[in-house]
Amino acid sequence: MAQEIFDKVNALIAEIKAAEPKTKEEVEQFRIKYLGSKNVIKPIFGEIKNIPNERKKEFGQLVNEAKQSAEAAFQQGVDALENAQADETLANIDLSAPAEPMNLGSHHPISVTMNKIIDIFERIGFMVEEEREIEDDWHNFTAMNTPEDHPARDMQDTYYLKDSTENLLRTHTSSVQARCMTRQEPPIRIIAPGRVYRNETISARSHCQFHQVEGLYIGEGVSFADMKQTLLYFAQEMYGADTKIRLRPSYFPFTEPSAEMDVYWGLKDEVDHRITKGTGWLEILGCGMVDPQVLENCGIDSSKYSGFAFGMGIERQAMLKYRISDIRLLFENDVRFLKQFKSAF
Ligand code: DAH
């Protein structure tokens with residue numbers, strides 16, 4: 001009697017292993033028969049009472065094997081179905097269909113403007129120098145001839161690092177001049193693009209962070225005329241071949257003589273009147289002959305070498321070019337704003 005039941009379970013296991021359900025229907029039928037609530041394995045567990053004690057353990061293991069085989073065969077069927085479905089999806093992909101449009105990024109208007117300026121100066125032999133934004137007082141101010149009591153040093157304008165009177169966020173890229181002159185022998189011919197910081201109230205016209213490009217040329221016999229010609233070349237490459245410039249006397253602690261350069265913007269419409277205050281001239285940069293004291297501060301023999309320097313803001317030039325009326329837009333990084341410059345390069 002007991003042996004008969006054993007034979008029955010063995011036959012069931014063989015049946016389960018041979019079943020190999022493949023189609024959706026076969027898999028479902030298999031599940032109902034062997035794993036469903038009224039499956040054929042369940043009642044066999046009840047037969048245990050008819051099995052002699054010494055074979056009860058063996059019987060239990062055999063019925064469990066039947067159950068596990070059913071579960072494994074069912075899972076195999078499900079997996080095979082899923083694979084077949086994936087294959088079918090792949091086979092149905094239309095490889096000749098046009099691709100989904102890719103969302104391309106765009107260059108930031110500040111980068112576009114800065115790269116254009118870099119490009120122009122690289123063509124006439126200026127090398128790009130990138131330097132630290134966290135500077136020390138000496139490179140930002142002292143070396144650049146800015147005396148201790150100069151208003152630019154005022155805590156109001158300069159961000160000092162916490163608990164420091166020494167380390168600060170550079171207020172201008174002129175600090176790169178000091179970095180280069182102390183580490184390099186003339187001739188030096190560099191431009192230094194980068195971000196600068198000033199503790200200013202944020203408004204449509206000014207921001208606490210902005211960008212500058214600094215220029216420095218030190219060599220033997222470098223003259224004011226060289227500077228004027230270099231800057232005229234820059235203005236005409238940047239704003240068009242017939243661009244006119246003018247140099248107005250000015251003051252900077254690190255240059256002597258110093259000047260500010262205007263380009264002739266014209267007075268074509270009302271906006272031009274407003275941005276040039278009715279003169280047609282627009283200030284673009286500060287410049288001058290490097291003060292001999294600055295050369296000496298940085299260990300360069302001022303009786304042998306001379307040079308010129310200039311520094312310009314990027315935001316204003318980008319705002320003019322792209323007719324952006326509020327500087328804050330340049331720092332908020334709203335994609336709806338940035339997207340508009342996709343065609344700018
Ligand atoms: N550093 C000045 C500023 O932040 C700009 C400047 C003026 C740079 C004259 C120069 C220069 O190199 O010669 O406003």
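How many disulfides does the structure hold? I found zero disulfides, a disulfide being a pair of cysteine sulfur atoms within 2.5 Å.

**Basis of the entries.** I worked from a predicted model, in which local features need pLDDT of at least 70 and side-chain atom pairs count only at pLDDT 80 or more, whereas totals for chains, interfaces and linings use all residues. Residues are numbered from 1 along each chain as its sequence is written, and side-chain values use heavy atoms, with hydrogens and water left out.

C180 has a relative accessible area of 0% and is buried; buried means under 20% relative accessible area, exposed over 50%, and partly exposed in between (1.4 Å probe, protein chains only). I then turned to C287, which is likewise in no disulfide. For C287 the nearest cysteine sulfur belongs to C180, at 19 Å. C287 is also buried, at 2% relative accessibility.

**Salt bridges.** I searched the whole structure and recorded 17 salt bridges. I counted a salt bridge where a side-chain nitrogen of Lys or Arg lies within 4 Å of a carboxyl oxygen of Asp or Glu.

**E58 and R55.** I found these side chains joined in a salt bridge, at 3.2 Å from N to O. Both residues belong to helix 4 (residues 53-91) and stand three residues apart, so about one helical turn separates them. Helices (H or I, at least four residues) and strands (E, at least two) are DSSP runs, numbered from the N terminus. E58 is partly exposed at 39% relative accessibility, and R55 is partly exposed at 22%.

**E135 and R179.** I noted a salt bridge here with its closest N and O atoms 2.8 Å apart. Because E135 lies in strand 2 (residues 134-136) and R179 in helix 7 (residues 175-183), the pair ties together parts that are 44 residues apart in sequence. E135 is buried at 1% relative accessibility, and R179 is buried at 12%.

**R246 and D262.** I recorded a salt bridge between these side chains at 2.8 Å, N to O. The pair links distant parts of the chain, with R246 in strand 6 (residues 245-252) and D262 in strand 7 (residues 255-264), 16 residues apart. R246 is partly exposed, at 32% relative accessibility, whereas D262 is buried, at 2%.
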